[in-house]
Amino acid sequence: MDRTTPGDRLPAEAVTLLEALLADDTPAFRALRAQIPHLRVTGGCGCPCASLDVRLDDAADVPAAIGAGHPAAEATVLDADGEPIGGVLVFVSEGRLSYLEVYSFADEPISRLPSPDRLQL
């Protein structure tokens, strides 16, 4: 994924990743998934990692997620050999998706959003 500019719609890779991380059929996850099409990128991490700050579009008429944890979802990122190399976390603020964090176990950051087939939930 190329770096996004604040105000951009959520990149397709981020949509796919969030849908995979929020796949459980709980009321909170259903509410969070309904927010995904209405997210805008507001920034990212200062390092070259793939983390994204997001904000729900003010015009979106979708409910806040009640009971979402902190983090709301998490998974381990695996390399091509199935070895853990980092993780992803989904954060929520006041029932709204707010941050998708991608972190590495090594010094080198994960600079591209991982595909769902590289996640260990």
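Me: Is Cys49 buried or exposed?
Reply: Cys49 is buried, at a relative accessible area of 4%. Here buried means under 20% relative accessible area, exposed over 50%, and partly exposed in between (1.4 Å probe, protein chains only). This is a predicted model, in which local features need pLDDT of at least 70, side-chain atom pairs count only at pLDDT 80 or more, and totals for chains, interfaces and linings use all residues. Residues are numbered from 1 along each chain as its sequence is written, and side-chain values use heavy atoms, with hydrogens and water left out.

Me: And what about Cys47?
Reply: Cys47 is partly exposed, with a relative accessible area of 30%.

Me: How many disulfides are there?
Reply: The count is zero disulfides, a disulfide being a pair of cysteine sulfur atoms within 2.5 Å. Cys47 is in no disulfide, and its nearest cysteine sulfur, that of Cys49, is 3.4 Å away.

Me: Changing topic, which secondary structure does the protein have?
Reply: The protein has two helices and six strands, counted as DSSP runs numbered from the N terminus (helices H or I, at least four residues; strands E, at least two). From the N terminus on, the order is α-α-β-β-β-β-β-β.

Me: What share of the residues is buried?
Reply: Of the 121 residues, 40% count as buried.

Me: What box do the C-alpha atoms fill?
Reply: Taken along the principal axes, the box is roughly 40 × 30 × 20 Å.
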